[in-house]
Amino acid sequence: MLLDIFDPKAPPQAIGIDLGTTNSIVAHVRDGRPVPLTNCDGSALLPSVVHYGAEGSVLVGRNAAAYATREPERTIASVKRFMGRAADDVETKRLGAYKFVPGDASVVRFDLGKLTPSAIEVSAEILKSLRQSAIDQLMHVGGAVITVPAYFDDAQRQATRDAGRLAGLDVLRLLNEPTAAALAYGLDKQENGLFAVYDLGGGTFDVTILLLDGGVFQVKSTGGDSALGGDDMDREIAERMLSAMGATTTQTRTPEVVSIALEAARRAKHALTDAAEVHLELPQKGGGDVQFSLTRADFDAWIQPLLERTGKSCRRALRDAGLSASELNGVILVGGSTRVPRVRSYVRELFGKEPLSDIDPDLVVAYGAAIQADLLSRSSDEVLLLDVLPLSLGIETMGGGVDKILPRNTGIPAGAKATFTTYADNQTGFDLHVVQGEREIASDCRSLARFKLSGIPPLPAGFARLEVSFNVDENNLLSVKAVELTTGITQSVEVKPSYGLTDEEVEQMLIDALDHGESDFELRRLRDAQVEATRILLATDKALDSDADLLDNAERARVEQALTEARRAASSARTASVVENAISALDDATHEWAGRRMNRAIQSAIAGKNLGAVERSVAHAAGVEAHLANHLERQPR
Amino acid sequence: MGVEPVFGLDLAILEQRHRDLSRALHPDRHAASGAAERRMALGRAIEVNEAYRVLKDPVRRAEALLSLRGVATGEGKEPPASPALLMAVMERREALAEARQTKNEAALTRLIAEVHAEAQRAQAALGTEFASTSSNSAEILKRIGELRYYRRFLDEAASIADDLL
């Protein structure tokens with residue numbers, strides 16, 4: 001072990017991160033089992049709190065939380081609730097201590113005087129702290145899987161991935177939290193059957209119905225509410241405490257008073273897990289203390305409306321899966337808020353069975369993330385996760401309606417196309433608005449992006465035909481492309497994400513974050529390119545071992561040569577572009593071969609079946625003649 | 001998907017095929033490969049998921065089978081619904097609107113069950129039509145149209161149920 005410490009060639013270890021509303025956790029797989037990595041104060045749970053000192057210091061975790069009542073405005077908790085949101089979102093108007101920079105339509109920024117960090121940057125601070133804990137213990141950290149609520153929309157996912165990039169992580173995958181939990185349970189217990197995962201965290205609720213079958217984790221449906229969780233329970237209690245404290249108006253509800261009430265509410269909630277009644281002393285307006293008592297029965301009644309909202313999501317998820325509660329083999333509890341006794345009894349009543357909670361509900365998601373990171377980095381084929389799109393994707397139509405292109409619960413990766421036409425003579429431009437959600441009116445859904453297509457040939461109304469393709473990748477991230485069919489030319493698409501940061505902004509922040517600017521950035525690019533090259537060299541060697549017979553002699557020589565050059569570039573090049581060029585040359589040399597190998601894989605997957613028939617029926621059934629050609633241009637950010 | 005092009009498809013086999021193909025093509029299986037291969041696998045995986053989605057859905061499966069026979073499909077190609085069907089759908093719609101207004105969950109559940117049974121019958125009829133030796137495309141199109149009516153009703157009822165539940 002001691003030898004490893006100074007060995008820069010120690011193999012990189014993949015990590016899994018649960019970036020939670022209340023707590024965040026990093027874990028990895030050691031000797032085949034997931035274990036949490038502790039942070040500097042020896043705990044697995046890092047409170048998701050960031051404190052920005054007036055003089056420029058940044059604290060994360062317990063040290064930051066210590067400032068919660070002293071400097072509430074500069075101590076940011078539950079930042080996850082602001083991811084992928086805008087300044088005027090409802091979330092910013094709820095009970096809380098923060099001031100926001102008004103008017104920013106694409107991202108929430110906290111107003112801290114000189115500093116105005118976005119929600120993405122605040123999250124990146126939490127991730128940096130987790131990354132540091134991992135580096136301290138593992139020396140060499142490889143790729144990371146970061147979990148997100150299943151019900152997160154595209155903007156919230158993009159924001160999470162950008163936070164990962166800002167924190168210097170190689171984000172292998174965004175994984176849905178309930179799927180991660182199921183992975184941890186499924187591998188631990190080796191159970192098969194239909195399961196529901198009820199995941200009530202600090203700020204988000206998810207329910208996922210999935211089928212476990214011999215290493216396949218197939219999500220049947222998912223539902224939830226990305227703004228519902230333990231925080232809302234705290235607010236229910238805090239509202240009553242504030243009344244008792246005499247703070248009933250916005251003037252008396254100063255950030256300090258509000259954060260004292262929220263903190264007391266959190267403690268009362270935790271105490272009620274074991275006690276039937278709690279008594280607290282709260283500071284009263286105008287001095288002195290006031291006695292505040294709370295029984296579990298009161299608390300249960302107050303949170304009942306919140307529970308019913310989760311029940312509605314569960315019933316819908318069951319219906320979407322075409323199942324009834326009695327067909328489930330088990331219900332898995334995830335998230336710290338499922339420690340509340342009333343939540344457990346509610347779940348028992350809802351599904352008619354005793355829920356499982358034998359893996360710590362605070363850690364189970366991070367365990368699943370670590371397992372997935374380990375599987376991905378080893379290219380293991382023991383397990384296959386088949387997930388779904390949580391919310392329908394569509395295009396705004398004339399008149400403000402929504403044309404749903406991909407319905408919710410479609411298996412991912414997914415793709416679909418829709419054709420639109422011009423409505424005016426000689427119209428040469430076309431505006432497209434991509435939205436996500438279940439509502440019939442576009443303005444009630446989340447706006448994901450606006451596109452401007454230009455250069456359409458002037459034709460009478462209704463003659464031009466615009467084909468819009470949607471693709472959702474394995475991270476549940478959307479990309480869109482549009483083609484004008486009469487000219488057959490792909491029009492340049494200008495993508496303006498409605499939320500989040502642009503690629504340029506993220507890039508600039510990465511450069512700014514490094515002390516020595518450009519040269520450090522270049523060095524990091526070189527490292528990244530080398531890691532990528534090593535990965536591809538290994539994969540190509542493996543492919544040569546198994547599928548060299550699919551190459552003729554000339555092709556084989558070309559592949560070998562590209563391989564040699566890439567190997568040389570990876571070990572000796574000093575600039576990233578040399579390595580990147582060598583990778584791309586290798587990519588070119590192996591392109592056709594990869595197609596043949598893919599066909600062989602399909603063939604062996606459907607052993608005994610004639611490949612031609614398979615391909616024909618796939619193509620005919622779906623009418624997907626040119627998905628590959630239409631593969632999306634919007635570069636992953 | 002390597003399944004017979006028939007309407008009376010064995011859904012268990014379809015599901016198994018989908019999983020086998022996903023095992024071969026899912027992007028997770030190609031995470032370590034080069035960019036071109038990853039793109040290719042992603043494209044193929046999307047095709048497989050799309051084909052699975054089409055084959056699982058009786059309306060789209062029926063349309064795909066007709067396309068294989070060279071028959072144009074789509075809502076515009078289907079013959080207009082019979083007056084009897086229209087009447088029945090209209091009556092049900094009124095009942096649905098009433099259940100919505102009075103928030104009558106029991107009535108809503110009953111309506112959904114009734115129409116669901118109708119849809120099952122229409123689907124069975126569609127299966128019989130496909131299987132028959134003298135199977136007639138116009139008749140099939142008519143049945144697809146019927147099934148579509150029921151589906152739409154059920155979708156609407158489901159979203160009303162969402163609000164009520």
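Student: What makes strand 11 and strand 12 of chain A count as a pair, and in which sense do they pair?

Tutor: Strands pair if DSSP finds at least two bridges between them, and strand 11 (residues 205-213) of chain A and strand 12 (residues 216-225) of chain A share 9 bridges, so they qualify as a pair, in the antiparallel sense. Within strand 12 of chain A, D225(A) is the bridge partner of F205(A). This is a predicted model, in which local features need pLDDT of at least 70 and side-chain atom pairs count only at pLDDT 80 or more, whereas totals for chains, interfaces and linings use all residues. Residues are numbered from 1 along each chain as its sequence is written, with chains lettered from A and ligands numbered from 1 in the order in which they are written.

Student: Why are strand 15 and strand 16 of chain A placed at the edges of their sheet?

Tutor: The open sheet has 5 strands in the order 15-10-11-12-16, with mixed pairing. Strand 15 (330-334) and strand 16 (384-386) of chain A each have a single partner strand, so one side of each is left without a neighbour in the sheet. From one strand to the next, the twist averages 25 degrees.

Student: How do you know which residues bring helix 3 and helix 4 of chain A into contact?

Tutor: Contact requires C-beta atoms, placed from the backbone, to lie within 7 Å. On helix 3 of chain A the residues include A119(A), I120(A) and L127(A), and on helix 4 of chain A they include A159(A), D162(A) and L166(A). By class, this contact has 7 nonpolar, 2 polar and 2 charged residues.

Student: What makes helix 2 of chain B stand out on the side that touches chain A?

Tutor: The contact between the chains takes 46 residues from chain B and 46 residues from chain A. Helix 1 (11-25), helix 2 (35-56), helix 3 (58-68) and helix 6 (137-164) of chain B each supply at least two residues to that side of chain B, and helix 2 gives the most, with 20 residues.

Terms used. Two residues are in contact if their C-beta atoms, placed from the backbone, lie within 7 Å. Helices (H or I, at least four residues) and strands (E, at least two) are DSSP runs, numbered from the N terminus. Ala, Val, Leu, Ile, Met, Phe, Trp, Tyr, Cys and Pro count as nonpolar, Asp, Glu, Lys and Arg as charged, and the others, Gly among them, as polar. Axes are lines fitted to C-alpha atoms, for helices over the stretch in contact, and angles run from 0 to 180 degrees between N-to-C directions.
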